[in-house]
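Student: Please take me through one part of this protein in detail. I would like to look at the nonpolar core and what surrounds it.

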Amino acid sequence: MGLRYVMKLPHLHLISFDLCPFVQRSVITLKYKQAPFEVTYIDLADPPDWFREQSPLGKVPILKVDHDTVLFESAVINEYVDAITQPPLMPDTPLHQARTRAWIEYLGEQTMTQYRWMTAANEGTFEMERHAASRGLERLERELAVDPLLAGHEFTLIDATLAPILLRYSLIDDIDNPWEPGAFPRLAQRWDALRNIEAVSASVPSDFAARLAAYLRAREGFAPSHIASRLTVPD
Ligand SMILES: N[C@@H](CCC(=O)N[C@@H](CS)C(=O)NCC(=O)O)C(=O)O
């Protein structure tokens with residue numbers, strides 16, 4: 001009998017916004033670990049009072065544990081979920097753990113760069129963020145060649161953080177997309193493996209691209225309408 005069935009997990013309640021890549025990291029981790037959890041979606045544009053009270057930074061995700069203890073910051077939530085469930089997604093030596101956390105921080109920066117690119121108010125900012133995103137992906141591609149923490153075949157907490165970024169890039173069919181599978185063959189191979197993992201494919205609703213397009217269309221400025229029109233929305 002696996003440990004999962006022996007240990008009684010606490011009640012886990014994720015406070016979510018359906019398009020948030022940081023929430024998605026935690027959904028992937030929870031699903032990969034097959035940890036049962038409740039979800040409440042909030043409107044980030046008009047968050048309820050209880051959320052303002054419970055989320056110290058006013059951000060999603062938060063994870064409520066046994067109803068009254070609040071965890072915030074997706075990377076921290078993921079480490080907690082990892083610690084209470086099997087199999088471990090964090091390496092077991094302090095040095096590899098520290099380097100894993102560093103790469104997760106790096107991917108947090110890439111997530112923000114991607115968001116700034118998708119929401120750039122004008123063409124100049126769009127171009128600047130596209131270059132920043134490209135450089136970020138280039139660095140990852142190089143590291144994938146040499147760093148077993150990134151290139152390992154096992155699913156890890158780094159993968160839970162990488163998948164939301166690559167999902168969004170892969171949905172945008174645009175010449176200006178910094179993500180070019182041909183230019184980043186190792187990353188493309190990693191994405192091919194990740195997208196087929198159920199915890200990843202089931203981490204967003206089936207109409208995710210349409211929802212993202214609607215979110216972008218509702219925003220002002222150059223990039224949102226441009227990118228919304230290039231999102232691959234299945235019929
Ligand atoms: N470092 C945070 C970032 C979370 C974050 O930026 N969430 C966004 C949505 S994707 C948010 O809640 N923004 C609300 C706000 O900033 O007011 C984490 O990893 O959890």
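This is a predicted model: local features need pLDDT of at least 70, side-chain atom pairs count only at pLDDT 80 or more; totals for chains, interfaces and linings use all residues.

Tutor: Residues are numbered from 1 along each chain as its sequence is written.

Start with the core. The largest nonpolar core holds 48 residues. Such a core is a set of buried Ala, Val, Leu, Ile, Met, Phe, Trp, Tyr and Cys residues joined through C-beta atoms within 7 Å. Buried means that 20 or more other C-beta atoms lie within 10 Å of the residue's own; exposed means 12 or fewer, and partly exposed is in between, with C-beta atoms placed from the backbone. A163, L166, I227 and L231 have the most contacts inside the core. Helix α8 (residues 157-171) gives the most to it, nine residues. Helices (H or I, at least four residues) and strands (E, at least two) are DSSP runs, numbered from the N terminus. Domain 1 (3-84) and domain 2 (94-230) both contribute residues, so the core lies between them. These domain bounds come from an automatic or database domain assignment.

Now the domains themselves. Their centres, taken over C-alpha atoms, are 21 Å apart. In all, 14 residues of domain 1 are in contact with 19 residues of domain 2. Contact requires C-beta atoms, placed from the backbone, within 7 Å. On the side of domain 1 that touches domain 2, α2 (21-32) and α4 (74-84) are the elements that give two or more residues. The largest share, nine residues, comes from α2. By class, this side of domain 1 has seven nonpolar, three polar and four charged residues. Here Ala, Val, Leu, Ile, Met, Phe, Trp, Tyr, Cys and Pro count as nonpolar, Asp, Glu, Lys and Arg as charged, and the others, Gly among them, as polar.

Return to L231. Leaving aside neighbours within four places in sequence, L231 is in contact with L171, I172, A209, L212 and A213. A209, L212 and A213 are also among the buried residues of helix α11 (residues 208-217), together with L216. These four cover an arc of only 100° around the axis, which puts them on the same side of α11. The arc is that of the directions from the helix axis to the C-beta atoms. The buried residues of α11 pack against α5 (94-118), α8 and α12 (222-230).

Definitions and conventions:
Two residues are in contact if their C-beta atoms, placed from the backbone, lie within 7 Å.
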